[in-house]
Structure formats: structure tokens, C-alpha cells
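Please find my notes on this model below, as numbered points.

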Amino acid sequence: MHRRKSLYGEDADEFRPERWEGPELEHIGWGFMPFHGGPRICLGREFALMEASCGIVRILQNFPNLRLPLDVPKEPTGQERQSLTIVISSAEGCKVLLS
């Protein structure tokens, strides 16, 4: 559903977060359901969002100089290899320097 060209346009397969900034998807309604909705909404939605937010903040607090290692090539946004299963994840992991 989240890659439907009828909802998101011809570039639906591309990572383009700026598509959410304008009026382009203003009336998308039930076209975006990361946690489903209605009476069957995910019970862990709020917990998952809070846990992810807290985890990211704690990592950034503990490692303020988080950066890409020099020997790792920088992939253009949206061009990285992905592993597509029930969720999308990086096929090669996330290589960063923590200091």
C-alpha cells in the first residue's frame, strides 16, 4: 500500500521525504497506515514511537559526534540497498563511528 503509484505518484518507490511537506498528500486519509487504524489499530503504537524517540535521543546524547566512517562510501539518499521483508531494513547494516 505504501508504494502505490496511484496514491504517491510515479516516484512512489523512491525515498523522498519532502513529499510530506507540501499539499501533495494533504488528503491521503487511510493511504498511509504504518500502525493500521480503526478498531484494529496496533496496541503498541504509542509505545513503539516513544521507544524509538527515546532510543534515538539517548544515542545522540551519548555520541554527539556520530558520523560515517571514512572508508564507507556515502550512498545517495534512497539508493542504498534494502532488505524487503515484512519491514524494510538496510541490507548491509548501518556503519557509523561512535565517539
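1. For residue classes, Ala, Val, Leu, Ile, Met, Phe, Trp, Tyr, Cys and Pro count as nonpolar, Asp, Glu, Lys and Arg as charged, and the others, Gly among them, as polar. The lining of the second largest pocket then has four nonpolar, three polar and six charged residues.

2. This is a predicted model, in which local features need pLDDT of at least 70 and side-chain atom pairs count only at pLDDT 80 or more, while totals for chains, interfaces and linings use all residues. Residues are numbered from 1 along each chain as its sequence is written.

3. The largest pocket has a volume of about 830 Å³. Its lining comprises 23 residues, of which H2, R3, F15, F32 and I88 are the closest to the pocket centre. By class, that lining has twelve nonpolar, five polar and six charged residues.

4. The chain contains two helices and two strands (DSSP runs: H or I, at least four residues; E, at least two), in the order α-α-β-β along the sequence. The radius of gyration, taken over C-alpha atoms, is 17 Å, well over the 13 Å that the globule rule gives for 99 residues, so the chain is more spread out than a compact globule. That rule is 2.2 Å times the number of residues to the power 0.38. Along the principal axes, the C-alpha atoms fill a box of roughly 45 × 30 × 30 Å.

5. Buried residues (under 20% relative accessible area, 1.4 Å probe, protein chains only) make up 9% of the 99 residues.

Notes: Heavy atoms only, no water. 1 Å grid on protein atoms, 1.4 Å probe; cavity = no way out; pocket = protein on both sides within 12 Å on 5 of 7 lines; lining within 4 Å. Points joined across faces, edges and corners; volume = space filled by probe spheres on them. Buried < 20%, exposed > 50% of the residue type's maximum accessible area, 1.4 Å probe, protein only.
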